[in-house]
4 protein chains.
Amino acid sequence: MKKIGILTSGGDAPGMNACIRAAVRTALLDNIEIVGIRRGYSGLIAGDIISLDRSSVHNIVHLGGTILETSRSPEFMTVEGRRKAIDILKREGIDGLILIGGNGTFRGGVELSKESDIPIIGIPGTIDNDLYGTDYTIGFDSAINCAIQAIDRIRDTAQSHERLFFVEVMGHHTGFIALNCSIAGGAEELLIPEDPMDTDELCRRLSASFARGKKSAIVVVAETDKPGWSFHLARDVQDKIAYESKVCVLGHIQRGGSPSARDRILGSLFGARAVRALQKGADGCVIGVIHGVIQYTPMPDTWKKKKPLHQDLMELRVLLSE
Amino acid sequence: MKKIGILTSGGDAPGMNACIRAAVRTALLDNIEIVGIRRGYSGLIAGDIISLDRSSVHNIVHLGGTILETSRSPEFMTVEGRRKAIDILKREGIDGLILIGGNGTFRGGVELSKESDIPIIGIPGTIDNDLYGTDYTIGFDSAINCAIQAIDRIRDTAQSHERLFFVEVMGHHTGFIALNCSIAGGAEELLIPEDPMDTDELCRRLSASFARGKKSAIVVVAETDKPGWSFHLARDVQDKIAYESKVCVLGHIQRGGSPSARDRILGSLFGARAVRALQKGADGCVIGVIHGVIQYTPMPDTWKKKKPLHQDLMELRVLLSE
Amino acid sequence: MKKIGILTSGGDAPGMNACIRAAVRTALLDNIEIVGIRRGYSGLIAGDIISLDRSSVHNIVHLGGTILETSRSPEFMTVEGRRKAIDILKREGIDGLILIGGNGTFRGGVELSKESDIPIIGIPGTIDNDLYGTDYTIGFDSAINCAIQAIDRIRDTAQSHERLFFVEVMGHHTGFIALNCSIAGGAEELLIPEDPMDTDELCRRLSASFARGKKSAIVVVAETDKPGWSFHLARDVQDKIAYESKVCVLGHIQRGGSPSARDRILGSLFGARAVRALQKGADGCVIGVIHGVIQYTPMPDTWKKKKPLHQDLMELRVLLSE
Amino acid sequence: MKKIGILTSGGDAPGMNACIRAAVRTALLDNIEIVGIRRGYSGLIAGDIISLDRSSVHNIVHLGGTILETSRSPEFMTVEGRRKAIDILKREGIDGLILIGGNGTFRGGVELSKESDIPIIGIPGTIDNDLYGTDYTIGFDSAINCAIQAIDRIRDTAQSHERLFFVEVMGHHTGFIALNCSIAGGAEELLIPEDPMDTDELCRRLSASFARGKKSAIVVVAETDKPGWSFHLARDVQDKIAYESKVCVLGHIQRGGSPSARDRILGSLFGARAVRALQKGADGCVIGVIHGVIQYTPMPDTWKKKKPLHQDLMELRVLLSE
């Protein structure tokens, strides 16, 4: 291997910079050239490529976002788009590619793999943690730490008032963030796609809780594909149980901020190992950590197989909120 | 003066506990008994009163919310309600009353003053900073610090993507929080009640900014009396200028959290001075800080007169966003 | 099992309250009485015991420290002291004991086990992470997050100046905190007991780094048994390589603060499982998480066996700092 | 005025970037060219000058440190050094100079003024707040917020244990930081140059406090010119009153980190006004805010006159700690 290209694609996640930094330093130590492809697949198609050396990744380990920027590229979803991309990769002499991102990123990677012979390795970077093949993705720990800080703040005011709070956190199809921050934040109720609860049931549970003497309650809600839907939900609940409701929608706050220690270390480990794995012949797989051990999973499994919510945390949540 | 009562009313604000602590310590040092009236005017009517000593206020200076809790009391808005309150105050031998809160709190205080002869002093505690008679209210500095941390986090992701972000901050009738955090957060646009901008004008400005090369923009929006309205606004703007929009509604996150240094110091200063002012005969006024100096303003002025946004900050914002 | 006692002992660690809360809620759900023994073994000997119900552990999940307080008890190290403790346990009808703490706590627990027939289970709670039998202890993740925030702040000023910074972090006999925060904080050099480096070698490495063009460097130092020794080290280095040196000693800052999401979840999981394990007959063991799975280790192993630093992180650090 | 130069000198302070940003934007709006002189006076002598446009100061308002970097320049203290500097300024056509820094910076500025006819204006940027001519300097509010967060963390552990904590904060000749954070942090004792207390008196006060039932105490100590001296002090006190003592030395942690809202706004205001003042003919003065109003003070006054600690805060502290 002589020259590795690295890109970040899809939604950015805290820890991606630590990952890029570790990949660059490992490659240079191994005497491999490494270049950064800017703005994900869009930048690849456009040939927006920069060389990376030790100083390029100096003082970035603590930064949120990604220094390589990211985008979603409809053009890359076409054969023509990928054709351009492969031409660029050939022209640049890139003989190894590292993709940091989520499902969409890896789908693109699999198509690229079919149409070229350049070895590709994926690194799971998404705050949602919804990728099969790894217990944790880069950015997840930062996102739940961000969310619990918000919940902690609401707790202060919840104790002073008699109120019902809805906190909407990220999570498109999955409740990983919501589940984890409901436990860590000590929330009373949880609404996630994997374990739906209708408004009547939610009202019944809240009323029972208030009847038992609780003065306030925090409901953690996964945003699903309807960001802002907590406002409607809160109005419904308020109408039904006549308890003043307040809403907070965290949105992209959860995506930013300085990465947590865990995400920096996980990102660094993934970045270093990905470079080594490419050299050892890895291709078409995604690195991950399963039960504390680094593992490699075929790229298509990351979206074909569904990663279930941790069963022990689901049980723990029920136990803590009863 | 032999016995002072202290209560917090209306919305809670970070720094109220520092204020309570300073009032208690000053009273005790001056050999005055001091009691806490819990849950604002509701607790006063119900006679929910606790004695306060040095240990009651130990280790609270850093806590958000208020250890005395707060509420809104419709009953206190009636003559009968206030009659009960005055009976309780007489029965308890309270001959001085400290009210920590905002407009609503002081309106109640003025009515109470008319119907009793107990000296009353107000302390401005509200994150909104919308009180005439003081440049700063307890909680305002903490609220804007909370809001800029959210904006900073969004900035990370804004730099990685091409996007338009709406951050809805608190501010019912006034834009103090929004104005200050748009300057401190480096936001591109600002929507406040004092300086309204219609959607077309906002779109025009954003389009011009993107045309000049900016890739992303952050719009700070005061929630006014329609919390969540940013979702509608974002949809309108996205429809008009075809730029992907994301929304974050901070809500009560801004109300909680550990108070900033400034709010702790301001709260402590107000608490200590209010006790001393009561002893010197102050009655029916609100303490405040104007141009760095402690001042006393007649209670009715705090809502009859309108505090304008700082003119120099309005000019500064225009200058920085041009 | 009818009545469980729970105590925290030794140094406090963020996440202990989440652990207590989960233990209490699980016990109550299982219809077991649970009491809190205050101030560790000292409180046990003194019979300082409080009953715990759901409301006792309401709103504590986010608090640093431990609501049960802690202490070190020389008296418990004597047979007489433990005799008193056992009498108290018998008198109270406690037939199951949960000990949250570190090495010293478990040594006491083993002695207690030998002299009584009360089942005992340990939960690893120490920021140092230096316990065999678990990959992570409660408090470790919070401590490294605290330390990297300090390093990040120093990084700001390091970039503005030409300077050498020493950051002394906790770690008596082990370098877990120092190793993890040197990776996550992007520190240039690391001084830990497991991998000592003499001052000459440190100076040589720093000089080489400055010669290569670096303007500043951050050295992470484990405090070992000489808190504050970084001041001496910094003076030595400054004398030798004539580079202005600054020192920061984090000390007990790392022990406090609101626990990280991970420590809250880990603490909750340990607390709930410990109660269940006691019911199933566990005795004389410490709960832990090894490779993502809950495991039980005989108490004496936790200090007789030495937990090595993670080998993959040691390698990663070398790679990142070369 | 056609071309303004701006530099940061001495210790960096959070909020300097907000100040630079506002100066640049104001100058550009006023059709004045503006250049950044890197590394303070050293960079000026070396001609290390960069042009600044709107994009140079994009996304820096929230960053700690200074994008222009800073240094201390012995050479500038010589006539020859300043001669070179003046030549550079002439060569570059700089006809207005903005100096952001503290005492040392302004001393240099006054010498430069004597030897050239280039108008110079100073902006007070130092975390120590020890400058006559302004109630607040850029960076002070961030520094005390940093320090109280450290104290809050120690409070968690102080409540769990029986211990005495020494927290050493910045402050060379003055106790501004120490005084403010002792009030805001609720510290028991305070050691500052303006109000010295010998070890015997400190021991007497601490013993009296413990005798009254307090279990722990936090002593805030200004570092003075002996950083790390708290370790010696703590040992002395521990020897005398036999109470376990722990030390934390914040050091440069206080200098870094993202600036507080107040420092960003103050910095922005100073930056914008300095540009306007230069255009109106200001020369040889330092901008400041006194009792909420922008004021200009002759540069030499900033070090010849001593700014006293706020008297009301000194009184407040005594009152709160009695």
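A crossing of two helices is left-handed if the near helix is turned anticlockwise from the far one by less than a right angle, and right-handed if clockwise. The model is predicted: local features need pLDDT of at least 70, side-chain atom pairs count only at pLDDT 80 or more, and totals for chains, interfaces and linings use all residues. Residues are numbered from 1 along each chain as its sequence is written, and chains are lettered from A and ligands numbered from 1 in the order in which they are written.

In chain B, helix 7 (residues 199–211) passes helix 8 (residues 229–241) in a right-handed crossing; helices are DSSP runs (H or I, at least four residues) numbered from the N terminus. The axes of helix 7 and helix 8 of chain B come within 10 Å and cross at roughly 55°, the axes being lines fitted to C-alpha atoms over the stretch in contact, with angles from 0 to 180 degrees between N-to-C directions. Helix 7 of chain B contributes B:Thr199, B:Leu202, B:Cys203, B:Leu206 and B:Ser207 to the contact (C-beta atoms, placed from the backbone, within 7 Å), and helix 8 of chain B contributes B:Leu233, B:Asp236, B:Val237, B:Lys240 and B:Ile241. Six of these residues are nonpolar, two polar and two charged (Ala, Val, Leu, Ile, Met, Phe, Trp, Tyr, Cys and Pro count as nonpolar, Asp, Glu, Lys and Arg as charged, and the others, Gly among them, as polar).

In chain A, the axes of helix 7 (residues 199–211) and helix 8 (residues 229–241) come within 10 Å and cross at roughly 55°, and the crossing is right-handed.

Definitions and conventions
Helices (H or I, at least four residues) and strands (E, at least two) are DSSP runs, numbered from the N terminus. Two residues are in contact if their C-beta atoms, placed from the backbone, lie within 7 Å.
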